[in-house]
Amino acid sequence: MADVGETRIITRRMHERPDDSWTIEASLGSGGYDGLRKALTMTGEQIGQEQVKASGLRGRGGAGFPTATKWSFLPKGVYPRYLVVNADEGEPSTFKDRMLIERDPHQLIEGIVIAAFAIGCNLAFVYVRGEFALGYDRLRQAVDDARAKGFLGTDILGSGFDLDIVLHRGAGAYICGEETGLLESLEGERGMPRIRPPFPAIEGLYAKPTVVNNVETLATLPHIILMGGEEYAKLGVGRSTGTRLFSLSGHVNRPGNYEVELGNTFRDLIFSPQLGGGIRNGGSVKFFIPGGASSQWLTGSDEHLDAPLDMDAVSALGVMLGSGAVMVYDETTSPALVAWRLAKFFAHESCGKCTPCREGTGWLEKVLYRLSHGLGRPEDLDLLLDVGDNISPGLNAPFSQTTICPLGPSAVSAVVSLNKYFRDEVLAGIAAAEVPA
Amino acid sequence: MAFTPENLARAREVVARYPRPKSAILPLAHLAQDQDGWLTRDAMAEIAQLTGVTAADVLGTCSFYTMFKRDPVGRLVVSVCTNATCLVTGGPEVLEHLEHRYADDPEVTVEEVECIAACGGAPAMQVNYEFHEKLTPDTAAEVVEAYRRGELEARTVSGSRR
Ligand SMILES: Cc1cc2nc3c(=O)[nH]c(=O)nc-3n(C[C@H](O)[C@H](O)[C@H](O)COP(=O)(O)O)c2cc1C
Ligand code: SF4
Ligand code: FES
């Protein structure tokens, strides 16, 4: 294994100025808003369909959709249109957007102004996860300071372009991270996802054309503009260009957020001395969950550890890079217990709109509870798969769905993984716990 | 309790930010909790008036969100994570300890929550939405006590700075 380190682009300022990186002074003292100045000399079309397109930037919120393509879906000539920033980060074990908001809010604001200018939008909304109290305070201060310096408001830096930002706090609901649930919530409703089509680009917030982008996606834009899209695309591998921020947690020696060039491997991330630093107590990886709780799992096998951090390559293994979370579990971990806790999460967060998800996630939780607490029955694994099949027929990745949004199918990932990699362990556990007749 | 005159003025400002008034329901419910310590029926009725919907609409929206407390809670809301990373690093033990310790304490409300995006410092909790990481049952209780003694300054139960 090579001694891989970070490639700091969007995390550079917060490492250089750990004591004040969130202030306007720190931002301006280290190249803040230079990307915006350059962007304002271009046309919106040049930013989106030349620079961002050439950069190969794909969404960092979970789905990995190409950003320039998403912007191109906006119907021509229909105004007003809105930019909605997804700062609702709730995918279990993902904690990168919170860091970007708390420690470099100006970088995010700069990205928002660039994106809004590129798509021709004059009002942007930032949907901030309700629990991010400090992040909200810092963003509010940053918006005020940016406005005072002429980076927001009317006639930004003399360009004739106007933009205002409304900060909007959520109130505790994971499903509001799903883009249409988010839009419902922003309209003052229960955060229940909408049936698509119509997609937000056509009918989004207040039924107007809307782009929803993730915090990290937008925070990357100033750097793409400054470096040039083609230069940015030289980083990374294949269609996974640039860097991504990985939230590494669990039984590693050095949990934390690491900005890593795509194309390095999970092994690099978990074991490199400058990154995860290996497993606690010199242990080994039993399994890990890439991409957040919604992804299927991988094991400590060489094949899995040596898989590249590449959105396309990992999908061949049936998993995803998703939100960039990587949860690592050592040999002491009960996979059934982890599966139960994730099922409990999905059952709690199901919005209740679709029957297979509302009912199915509850059943997964109940059956996994008894399975992980010494009360399992030999037929339970198959029962779980049967319930899962009603939510995601075929149980294959990428998952099919009988539901309105992907939350329901996501809940099935843990069950499929448990069966795939730990069936024998689970069955042995059931047999050992059984009270002799 | 209705909004104080000062908060009423703020509430009107908030409504004016949005193309449609109904969008202000969440921010106004936070404002009401900042003021009252929980989300009262009276506050929901007033939010309904301010946003041009019925009180039932406001309740319908607010009941979807876990941060809105529709019954009185303690001055300190302690939210302990037990999700996938905290699960294997001691979160459930922190929760159990605090639940027992503060079971009969009207000042402190302990709740189990889903991942709060602090997994790099697991196990983690929030006290009125201020983060505290790398906890043990004992250090977690010490943190709560520090708030009680006023050594740590608590946000409102909706997480705003006073
Ligand atoms: C259940 C669910 C939860 C999601 N949560 C988030 C989230 O917290 N943050 C986020 O940016 N995207 C989240 N997404 C993805 C969004 O729907 C959307 O794809 C993303 O915000 C688009 O931004 P991007 O193209 O810049 O990645 C979630 C999706 C689903 C299905
Ligand atoms: S899949 Fe689940 S969370 Fe998604 S819309 Fe249906 S019930 Fe709601
Ligand atoms: S799992 Fe506890 S903070 Fe994320």
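I began with the polar contacts between chain B and chain A, and in this predicted model I found 26 residue pairs in polar contact, both residues of each pair at pLDDT 80 or more. I then looked up which elements of chain B supply the side that touches chain A, and noted that helix 2 (25-36), helix 4 (55-62) and strand 2 (108-113) each give at least two residues to it. Helix 2 of chain B gives the largest share, four residues. Sorting that side of chain B by class, I wrote down 20 nonpolar, 14 polar and eight charged residues.

Next I turned to the charged pairs, and the count between chain B and chain A came to six salt bridges. One of them joins the side chains of A:Arg341 and B:Glu112, at 3.9 Å from N to O.

For the extent of the interface, I noted that 42 residues of chain B are in contact with 56 residues of chain A. The two chains bury about 3800 Å² between them, and 54% of this lies on carbon and sulfur atoms.

My last entry concerns a sheet in chain A, which is open, has five strands in the order 8-7-11-9-10, and shows mixed pairing. I asked myself why one side of strand 8 (256-261) and of strand 10 (298-299) in chain A has no neighbour in the sheet.

Definitions and conventions: Residues numbered from 1 in each chain as written. Chains lettered and ligands numbered in written order. Predicted model: local features only at pLDDT ≥ 70, side-chain atom pairs only at ≥ 80, totals over all residues. Heavy atoms only, no water. Contact = heavy atoms within 4.5 Å. Buried area = accessible area lost by both parts, 1.4 Å probe. Salt bridge = Lys/Arg side-chain N within 4 Å of Asp/Glu carboxyl O. Polar contact = N/O pair within 3.5 Å; in protein donor to acceptor, adjacent residues only side chain to side chain. Nonpolar A, V, L, I, M, F, W, Y, C, P; charged D, E, K, R; others polar. Pairing = 2+ DSSP bridges.
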